[in-house]
Amino acid sequence: MLKTIRYYAGMGIYYIKLSLLGWMEYPMNLAAWLGTNLLQFLVGFATIKFVVQEFGALNGWTYSQIAFLYGLAMLSHAFSIILFIQTWHIGGIMLAGELDRFLLRPMNVLFQFLFMDFNLIGLTDLLPGVIIFIYGCMQVRFSWTLYSTLAIMAVLFGATLIRGALFMATGSIAFWTKSNSDFSGINLNIMDRTTMYPLTMYPRIIQMIFTFVLPFGFISFFPASAFLGMDNGFSFPSWIIWFTPVVGIAVFTLSCLLFCAGLRKYDSAGS
Amino acid sequence: MPLIKVNDLVKEYTVIKKGKGLKGALKSLLHKEKEILRAVNHISFSIQHGEIVGYIGPNGAGKSTTVKMLSGILSPTSGEILIDGLSPQKDRKRVVQNLGVVFGQRSQLNWDLRLGESFELLKRIYRIDDRQYQENLAMMDAILEIHKFIHTPVRQLSLGQRMRGDLAAAMLHSPQVLFLDEPTIGLDVDGKQAIRKFVKEINRLKQTTVILTTHDLGDIQELCSRLIIISEGTIVEDGSLSDLIDRIAPYRILHVELYEEAELPIHPLAEKIRQDGTAAVYRFDKKKVTAAQLIEDLSCFCKMKDFRLEEARIEDIIRAAYHKKEKLEGV
């Protein structure tokens, strides 16, 4: 048992090292991504600033508070891209026969799949995320105590898993449809719109859906409103922050089960 | 006990039939007409430790499907597979630890890595200890000369180099069983020769059991001590190439040319097919009479200027087997 854990931990680190080596082969690629991504997010953020300044607060949220929310959401977005980008195109990976290769190795297939691609492009999302989050923290005078630091870490952990779970669940549909459908565009859009703005600005029914059906509210909105003492629309108490890692682990486990069920259904793509 | 045992193996695919055009497509949305295709149809065979077996058959006969089931990628619809006593489906991780698999059409190497980095990764995945790794790497290098491109990224390798890299990668963990699915496809003559040399060497040095699928007659003649021929999902032949030739094409043809026109006699052990002036053609069963004997007998009756022996072509024999013909016509 201990031996197995040590084996997988060692392999995980080694896969990450190999991905870094792979990226090092093409440094210009990384630089180009960094440039465009940074620009994309700064423009996005400038748009919010314009909207808030022109029309006043968004549903009671000031510009500073939205910066905090936006930054928090971007951090888990970046982590999910670093760790889980391969879940965006399970169908393509399956059709290309990559899964056959995983099945030929004496190692857990889900593990190989999750660690196959440690994606450095995600670092280019992380940088603007960090900038905006620090800016937001300064604006709202966020107090960094041991409790709040741990809470932020727990939220980022859970939020990353929630995002990963959505991508993995929608990607696993490919096992049944046997097609290369890519839901990542839609998924990213939904998550941007539900995590970077206060959920309370949407109609009640939408709030319900993104709390109880697709729990994206836990990615950034519920934690941020608890940290900032804002209304979350459901009168959730402030310890709702700690629900994010719980929800994250739960939905990620579910999506893993879906992946494994799909894998059992998988008939190799022929040759 | 055989190393590989396959018993009554069946693999079916369900295909949804679609009608023609938009109307047909809409109709099949409402009412799905399913068709079951049986790719592998009640196959049984056993393979002993150290054999080199050619698993051959026409395109779509079920070769790759069988190899994929043997290597644990696909699950059979019914039937049983045991590799060294274990099922590749139930005990996947333990079985593949003892298995090397190479697909000619699809590399198992990581495109983004240099070849040597791919080997290092495999060393860790299979938990190969340093000594064994170094020994195997040295052996693979001696046979395949991989040191020339070990630091090249896999995506930049030529097809021949990539195949050699793939073969070396498949042998690093000293598997007892090696599956090669069309390993020489698309390779030039040198490339093919390198692959064949590799198969012979690992079989000799490590007693590795090899199953290879191929369409290349050179592979079949040079490598396979045994052929399993599959056609439309069932085994039609299982034996050595020479047995197959003896049974399907037992005859040889002797062309005789004389100095001057003379009526050649009928030989008790050979059939005179035709005579055209000074040229005559005999067909004889090579088990009943030798060519030398026949020529000696005939030269008692006439003065022979020249003669030529014709054998059945391997290609024709294999094709006859694919079509389940008992005897080769013509020859």
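**A walk through the predicted model**

At 46% relative accessibility, E135(B) counts as partly exposed, since it falls between the limits of under 20% for buried and over 50% for exposed. The model in which this residue is seen is a predicted one. The partner of E135(B) is R131(B), with which it forms a salt bridge whose closest N and O atoms are 3.4 Å apart, and R131(B) is exposed, having a relative accessible area of 64%. Because the two residues stand four places apart in helix α5 of chain B, about one helical turn separates E135(B) from R131(B).

Over all chains, a search of the whole structure finds 24 salt bridges. Another of these joins the side chains of E98(A) and R101(A), at 3.7 Å from N to O, and here the residues are three apart in helix α5 (residues 98-103) of chain A, so that they too are separated by about one helical turn. E98(A) counts as partly exposed at 21% relative accessibility, whereas R101(A), at 13%, counts as buried.

A salt bridge may also link two elements, as R247(B) and E237(B) show, with their closest N and O atoms 2.4 Å apart. R247(B) lies in helix α9 (residues 241-248) of chain B and E237(B) in strand β9 (residues 234-239) of chain B, so the pair ties together parts that are ten residues apart in sequence. Elsewhere, salt bridges that share partners join K192(B), R196(B), K200(B), D216(B), D219(B) and E222(B) into one network.

Leaving aside residues up to four places away in sequence, I125(B) touches Y7(A), M11(A), Y15(A), R105(A), P106(A) and M107(A).

In chain B, helix α6 (residues 159-171) has 13 residues and should span 18 Å at 1.5 Å a residue, which agrees with the 19 Å between its end C-alpha atoms. Its buried residues include R162(B), M163(B) and G165(B), and what covers the buried residues of α6(B) includes β5 (99-103), α4 (115-125) and α7 (189-206) of chain B.

T244(A), in helix α12 (residues 243-265), is buried with a relative accessible area of 0%, and its contacts include V155(A), F218(A) and P223(A). L146(A), at 67% relative accessibility, counts as exposed, and together with Y147(A), L150(A), M153(A), W239(A), W242(A) and F243(A) makes a nonpolar surface patch of about 790 Å².

Key. Residues are numbered from 1 along each chain as its sequence is written. Chains are lettered from A and ligands numbered from 1 in the order in which they are written. This is a predicted model: local features need pLDDT of at least 70, side-chain atom pairs count only at pLDDT 80 or more; totals for chains, interfaces and linings use all residues. Side-chain values use heavy atoms; hydrogens and water are left out. Contact means heavy atoms within 4.5 Å. The expected span of a helix is 1.5 Å times one less than its number of residues. Buried means under 20% relative accessible area, exposed over 50%, partly exposed in between (1.4 Å probe, protein chains only). Patches are made of residues with over 30% relative accessible area and no salt bridge: like charges are joined within 9 Å, nonpolar side chains (Val, Leu, Ile, Met, Phe, Trp, Tyr) within 5 Å. Accessible areas come from the Shrake-Rupley method with a 1.4 Å probe; for residues, only the protein chains shown count as cover. A salt bridge is a side-chain nitrogen of Lys or Arg within 4 Å of a carboxyl oxygen of Asp or Glu.
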